[in-house]
Amino acid sequence: MKDKMEVPLFDLTRQYEKLRKDVLKKLDAVFTSGNVVMGSNVKALEEEIAKYINVKYAIGVANGSDALRISVQALGIKEGDYVITTPYTFFATASAIVLNGATPIFVDVEDKYYNLDLDKVEDLLENHPEKEKIKAIIPVHLFGKTVDLERLEKIRENYNVKIIEDAAQSIGSVWQYKNGERKFSGSIGDLGIFSFFPTKNLGGYGDGGMVVTNDADLADRVRKLRVHGAAKKYYHDEVGYNSRLDEVQASILRIKLNNLDEYIDKRIKKAKNYEELFELHNLNEDLSYPAYFNDRTHVYHQYVVTLNNPKDRDKLKKFLENKGVGTSIYYPLGLHLQKCFENLGYKEGNFPVAEKASKSTIALPMFPELTKKEQEYVVKCIKEFFSN
């Protein structure tokens, strides 16, 4: 292949070109008002997000990491408590547990979408020698693929544990229950969290996050915790955080929320394009890829493929970069093997599926404005790599 094309992993500028007039108008209104922190746009965004995913309460915070940490604290989880989560996720999922004094218990992921293996979760809840100390589960809807919400609800009921849904990557994804009901990721947990980091499906032009819940008492506690534990200014019931969503980000997110369904539909179409191109180029023996779902079970925040031979992963990454194709590795080292968690006593081999994923997966370009021509180039480059 002679002609080189630059294809970014993610490009925020293309979306901005279409939204520029609306964004600048909103920003001018915010700056003209003089109210730039937790004003009318934050309140409106909270109401709109709550309505979108069908929950009663939504509370804007500074970022997704704070949303997790505040959620753990709001549930009263503390030193001596255990929280189950996945070792194959972004660091904040586990750090939120540790920063509240509790201990994460990692459970391996399933081998198709790398979400928490709920069979192993139930086995742990049944057989852990200190199972009474397990207070909560933090499942992650990884890369935009929804965890089985119906089963999560049954686990909560059967084992009397709390659930914090880490939906940082999955806003807009759904799960269809056996009775035909469809529920959004983030909506069934005692608490759910979202991140509005710029690369997310609903992303701002800076940091932002949100906590959602159907519990009025939890909502009140989250509201206090985001402003230093104060229900009334300068009167502090507990030690909280300075974690406020600002008006600038909220105003932009309100514009983008109106377009979110369109963005998701475009991502789904890109996933279908990739699937058809992989089949066209007979790449099924070299890699596996996320199935195409047209029902929003997957909203493809990241498009992550798995190389059948892990030794090819880093070579492919370098090859694609030389061809102008942006890629990323999510995540190169499982949380159980991170230096800061070595006191937990985990070692290599404890979670073979997560460890294999860390060594064999690579994220390909995925964003709503990605063109079919760019996708064709990406897949042709992959085919060229495996043909050499």
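The structure is a predicted model, in which local features need pLDDT of at least 70, side-chain atom pairs count only at pLDDT 80 or more, and totals for chains, interfaces and linings use all residues. Residues are numbered from 1 along each chain as its sequence is written, and side-chain values use heavy atoms, with hydrogens and water left out. The chain contains 12 helices and 14 strands; these are DSSP runs numbered from the N terminus, with helices being H or I of at least four residues and strands being E of at least two.

**Overall form**

- The chain has 388 residues and a radius of gyration of 21 Å, which agrees with the value near 21 Å for a compact globule of that length. The radius is taken over C-alpha atoms, and the globule rule is 2.2 Å times the number of residues to the power 0.38.
- Along the principal axes, the C-alpha atoms fill a box of roughly 65 × 60 × 45 Å.
- Of the 388 residues, 57% are buried. Buried means under 20% relative accessible area, exposed means over 50%, and partly exposed lies in between, using a 1.4 Å probe and protein chains only.
- Among contacts in the chain with a separation of 6 or more, 74% are between residues 24 or more positions apart. A contact means heavy atoms within 4.5 Å.

**Surface and charge**

- The chain exposes about 17500 Å², and carbon and sulfur atoms supply 48% of this area. Accessible areas come from the Shrake-Rupley method with a 1.4 Å probe; for residues, only the protein chains shown count as cover.
- There are 56 positive and 57 negative side chains, and the centres of the two sets lie 4 Å apart. Lys and Arg count as positive and Asp and Glu as negative, while His and the chain ends are not counted. The place of a charge is NZ of Lys, CZ of Arg, CG of Asp or CD of Glu.

**Nonpolar cores**

- The largest nonpolar core has 52 residues, and those with the most contacts inside it are Ile-49, Tyr-274, Phe-278, Tyr-303, Leu-364 and Ile-382. A nonpolar core is a set of buried Ala, Val, Leu, Ile, Met, Phe, Trp, Tyr and Cys residues joined through side-chain atoms within 4.5 Å.
- Elements that each supply at least two residues of this core include the helices α2 (40-53), α8 (247-257), α9 (260-280) and α12 (372-387), together with the strands β9 (209-213), β13 (303-307) and β14 (361-364).
- A second, separate core has 26 residues, including Ile-70, Ile-77, Ile-164 and Ala-219.

- Gly-80 is found in the loop between α3 (64-74) and β2 (82-85), and it counts as partly exposed at 36% relative accessibility.
- Lys-133 has its place in the loop between α5 (118-127) and β4 (134-138), and it is partly exposed, with a relative accessible area of 29%.
- These two residues, Lys-133 and Gly-80, are 53 residues apart in sequence and 7.2 Å apart in space, C-alpha to C-alpha.
- Leaving aside neighbours within four places in sequence, Gly-80 is in contact with Gly-101 and Lys-133.
- With residues up to four places away not counted, Lys-133 touches Gly-80, Asp-81 and Tyr-82.

- Phe-143 is found in the loop between β4 and α6 (149-159), and it counts as buried at 4% relative accessibility.
- Beyond its neighbours within four places in sequence, Phe-143 is in contact with several residues, among them Tyr-88, Gln-169, His-298, Tyr-330 and Tyr-331.
- Tyr-330 and Tyr-331 are joined by a cis peptide bond, with omega about 0°.
- Tyr-331 is found in the loop between α10 and α11 (352-360).

**Positive phi values**

- Asn-54, a residue other than glycine, has a positive phi near 65°. It lies in the loop between α2 and β1 (57-61) and is exposed, with a relative accessible area of 63%.
- Tyr-114, a residue other than glycine, has a positive phi near 65°. It lies in the loop between β3 (103-106) and α5 and is buried, with a relative accessible area of 9%.
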